[in-house]
Amino acid sequence: MPAASQTQSTAVELSAPHPTLTVYNTLSKKKEPFRTVEEGKVGIYLCGPTVYDKAHIGHMVGPVIFDCIKRYLKYCGYHVTWVVNITDVDDKLINKANDRGITMLEVAEENIADYNGNLAALGVDQIDHFPRATECMPEIIAIVQSLIDSGYAYESEGDVYFDVTKDREYGKLSNRSLDQVQGDGGGGAERKRSSADFALWKSAKPGEPAWDSPWAKGRPGWHIECSAMSKKLLGETFDIHGGGLDLVFPHHENEIAQSECCHGKTFATYWAHNGLLRKDSESGKIGGGGASEKMSRSKGAGGLATLIAKQGGERIRFFLLRTHYRSTVLFSEEAIEEAAIGLESFYRLFKRYHRITKGDFYHLQARAHRTEGDTQSTGNAALDAAAACKAKFIAAMDDDFNTGGAIGELFELAKIANRYCDEHNLEGGGADNATIGDLTLLMATIKELSNILGIFLQPPALPGGSATDELLSKVMPLVIELRAEARAAKNFAVADAIRDGLAPTGVKLEDRAGGTEWTGGGEGAIDKVMAMLIDLRQTSRKNKDFKTSDAIRDRLAAVGVILEDRSGGTEWTRA
RNA sequence: GGCGCCGUAGCCAAGUGGCUAAGGCAUCGGAUUGCAAAUCCGACAUCGUGAGUUCGACUCUCACCGGCGCCUCCA
């Protein structure tokens, strides 16, 4: 078999292709029909962080898209195992530990906690295994030994290097030939046979964390831990290997080299690389084209936890999912806030659904698996339109997990549901069992599809809302009541003064068929609301509208707020 | 220098060899509202430039211009 012998890695036999799902493969630079190593099962390995510092938003792109990928593959009926590794031994960790006078393990623990908190906030909960390099030393050493035994690696003064000249296929992922990767050789150049060789094992200097090995006491090189962890949890050949585009070379190239030389067969069938985030330093400027800078912890990027605290995880997830995962994304808080506006319209729809049906969107039962045969017309225009949206949503996801296109359909679905409410006057008495049933079907479709994206799984925790002041919740009904009375008396000046006066506090009023609703009101809103009321009372007194001014004081007293008129103005206190 | 990516409306962003080029934000009309808000309806792009292939290209090829990535650690 002369032709086949040109490749040392024998291709493994794959399942029949999925009829519609295609996945882009960095290895072939094409979208390919999706086939699996084992029928009905998918193994995914995503390169996680080296935990030497806090995460930045760029670290979430991979986890978020793969979280969706797993959800979608499950939806398509696959059984999926997803591994995200933690690299917790590395030069940078050692340096960090030395700088701070703590152990490498302590540095790792701190940043792993940060990372896990970030994942949880963004709704990434599909990861099955979280292996750590330091927990896989026997497996790492076994692979290194095997590579030495088969002549692909050599020991040199206690270090072990992979001999790239022995690997005929070296460079196939990043599309470069050996003479193109002859750099300065990096650290330990004098111990290498070729400058492109890379370390599988690094002997320890005094004081460095070290593990016993057949060579010198030391630690694994970068790259090798992924080969070991993926083998341990997913086998010698698995389906999808993911990571940031910046990992293609040298990290993934070296992983392939190690694993395929060690096992003599395909390492991963599909290589899926997400695009990188850039920080938009000129956001807000007209005309775009402004400079943007690379996100990198070495350049001080970080603060993801702070960003989450401010914006909330769902906004960030939604922002990331609006763009195809392979694109470069310009990130700025303004961009996140713009995405959030779209998100809010969904939250409003969910509330509308609740007003009409008393049902909770978040508790709707939705289909968990795709069904191809439910496209026959129902004779109901709204339901038919929704079915068409769903079909387009699925087609988008089938096309290399095109979440951006899928989200467009979600907006369309929201419009269909809102229109249905309008056309059938569901908030003005048009609701009956039939219309409520149809609306619920529409909402369940939104639930089914948003479940795939991992959004709207539960009411958003942040921002603002959850921390609403208890007193504010008591005062607002009273404010609304005052305004309702003013409106009933056609005293629109007072009614509008209340609503307009509330605007700067972040509290919004919306008049609905069933009464006025209020939303918003974050930290400090209560003080501003009280100031508005005091101001309104002053104005009323000035206008001899004592009915209003007295009502304000009396009703505030009823909820435990006392107003005291002093020479310098009115002060309020909690009783 | 080597390898590669991108350029769609004011902004963000899907998509396709030929029917109306998704969707979101913003803007402008209209319905609705006491006025708003929300919601709905409508308006708003010929797809960086030039050439080629083709009956036909925004979609394929080439050139150019303009952004960007990797080649050192990096999600």
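User: Which part of Gly244 lies 2.7 Å from a sugar or linking oxygen of RNA strand B?

Analyst: A backbone N or O atom of Gly244 lies at that distance of 2.7 Å from a sugar or linking oxygen of RNA strand B, where a polar contact is a pair of N or O atoms within 3.5 Å, and within protein one must be able to donate a hydrogen and the other to accept it, with residues adjacent in sequence counting only if both atoms are side-chain atoms. This is a predicted model, in which local features need pLDDT of at least 70 and side-chain atom pairs count only at pLDDT 80 or more, while totals for chains, interfaces and linings use all residues. Residues are numbered from 1 along each chain as its sequence is written, chains are lettered from A and ligands numbered from 1 in the order in which they are written, and side-chain values use heavy atoms, with hydrogens and water left out.

User: And what do Arg322 and Arg483 contact on RNA strand B?

Analyst: A polar side-chain atom of Arg322 lies 3.1 Å from a sugar or linking oxygen of RNA strand B, whereas a side-chain N or O atom of Arg483 is 3.4 Å from a base oxygen of RNA strand B.

User: How many residues surround RNA strand B?

Analyst: There are 55 of them, the closest being Lys92, Trp222, Arg278, Arg297 and Arg499; a residue is near a strand or molecule if one of its heavy atoms lies within 4 Å of it. Of the atoms of RNA strand B that come within 4 Å of the protein, 64% belong to sugar and phosphate.

User: Which element gives the largest share of the surface near RNA strand B?

Analyst: That is α11, with 9 residues, and the elements that each supply at least two residues include β9 (238–244), β11 and α13 (470–488). Helices (H or I, at least four residues) and strands (E, at least two) are DSSP runs, numbered from the N terminus.

User: Let's look at β9, then: how many of its residues are buried?

Analyst: In β9, 7 of the 7 residues are buried, so β9 is largely enclosed by the rest of the structure. Buried means under 20% relative accessible area, exposed over 50%, and partly exposed in between, using a 1.4 Å probe and protein chains only.

User: Which strands is β9 joined to?

Analyst: It runs parallel to β3, with 3 bridges, and parallel to β10 (residues 268–274), with 6 bridges; two strands pair if DSSP finds at least two bridges between them. Leu46 has Gly242 of β9 as its bridge partner, and His241 has Trp271 of β10. Strand β3 (residues 41–46) is itself mostly covered, with 5 of its 6 residues buried, and 6 bridges join β3 to the parallel strand β4 (residues 79–84), where Lys41 stands opposite His79.

User: What about the sheet with β11 in it, what order do its strands have?

Analyst: It is an open sheet of 3 strands in the order β12-β11-β13, with mixed pairing. Because β12 (292–294) and β13 (329–331) each have a single partner strand, they stand at the edges, and one side of each is left without a neighbour in the sheet. Strands β11 (residues 277–280) and β12 pair in the antiparallel sense over 3 bridges, and the bridge partner of Arg278 in β12 is Lys294.

User: Changing topic, how many disulfides are there?

Analyst: A search of the whole structure finds 0 disulfides, a disulfide being a pair of cysteine sulfur atoms within 2.5 Å. The sulfur of Cys76 is 13 Å from the closest cysteine sulfur, in Cys68, which is too far for a bond, and the sulfur of Cys262 is 8.7 Å from its closest, in Cys261, again too far.
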